[in-house]
Amino acid sequence: MACGNGPPALTIRARGTDLAFYPKRMALSAASTVTLTFENPSNLPHNYILVDGNEATLQAVNDAAQAAGAAGDYIPADMTGMYAHSPLLQSQTIKDFSFMVPSAGTYFYFCSFPGHLAGGMRGVLTVQ
Ligand SMILES: [Cu+2]
């Protein structure tokens, strides 16, 4: 979790064939830039998309991601409802990405690779 001195840094992981993020819950401070290290030692491609804490937004962004398709790495070109996203990580890769933490509130993150949201690959970010 982000605390103490220095820029906040967090690690998120996928595992094996699980359709899940570890951790499933994260907490950050508002108005900071965070660097997230995404480790994907699993057997599947994954990404991380941060959206507002609204189920309808989550589903709409996931629908847009499916429309973007493999050619778009399942990431909508239109950032509507999105606060940040990682690149698509192939199996056995690690990537860092940075983003500005949004204002205080509850946000959802999920993987838009086909079938992964339906499989439960999602989590909750709390910003204080
Ligand atoms: Cu995934």
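This is a predicted model: local features need pLDDT of at least 70, side-chain atom pairs count only at pLDDT 80 or more; totals for chains, interfaces and linings use all residues.

Reader: Which residue in β3 is the bridge partner of Leu-10?

Author: The partner of Leu-10 is Leu-36.

Reader: How many bridges join β3 to β6, and do the strands run parallel or antiparallel?

Author: Strand β3 and strand β6, residues 93-100, run antiparallel and are joined by 8 bridges. Within this pairing, Thr-37 has Asp-96 in β6 as its bridge partner.

Reader: Let us turn to the metal. Which protein atoms are the donors of the copper ion?

Author: The protein donors are ND1 of His-46, SG of Cys-111, ND1 of His-116 and SD of Met-121, at 2.0 to 2.6 Å from the copper ion. Along the chain, the donors follow the spacing H-x64-C-x4-H-x4-M.

Reader: Where in the chain do His-46 and Met-121 lie?

Author: His-46 lies in the loop between β3 (33-40) and β4 (49-52), whereas Met-121 lies in the loop between β7 (105-110) and β8 (122-127). The two are 75 residues apart, and the pair links distant parts of the chain.

Reader: Why is the arrangement of the 4 donor atoms irregular?

Author: The angles that the 4 donor atoms subtend around the copper ion range from 81 to 134°. For reference, the ideal angle for four tetrahedral donors is 109.5 degrees.

Reader: Is His-46 buried or exposed? And is Met-121 buried or exposed?

Author: His-46 is buried, because its relative accessible area is 0%. Met-121 is buried as well, with a relative accessible area of 0%.

Reader: Now the backbone. Which residues does the cis peptide bond join?

Author: The cis peptide bond joins Tyr-22 and Pro-23, with omega at about 5°. Pro-23 is located in the loop between β1 and β2 (25-28).

Reader: What is the phi of Ala-31?

Author: Ala-31 has a positive phi of about 60°, although it is not a glycine. Ala-31 sits in the loop between β2 and β3, and it counts as exposed because its relative accessibility is 67%.

Reader: And what is the phi of Asp-73?

Author: Asp-73, which is not a glycine, has a positive phi of about 55°. Asp-73 belongs to the loop between α1 (55-68) and β5 (82-85). With a relative accessible area of 34%, Asp-73 is partly exposed.

Methods. Residues are numbered from 1 along each chain as its sequence is written. Side-chain values use heavy atoms; hydrogens and water are left out. Donors are N, O and S atoms within 2.8 Å of the metal (3.2 Å for Na, K and Ca); water is not among the atoms, so sites may look incomplete. Four donors count as tetrahedral if all angles lie between 85 and 135 degrees; four count as square planar and six as octahedral if opposite donors are over 155 degrees apart and all others between 65 and 115; anything else is irregular. Helices (H or I, at least four residues) and strands (E, at least two) are DSSP runs, numbered from the N terminus. Buried means under 20% relative accessible area, exposed over 50%, partly exposed in between (1.4 Å probe, protein chains only). Two strands pair if DSSP finds at least two bridges between them.
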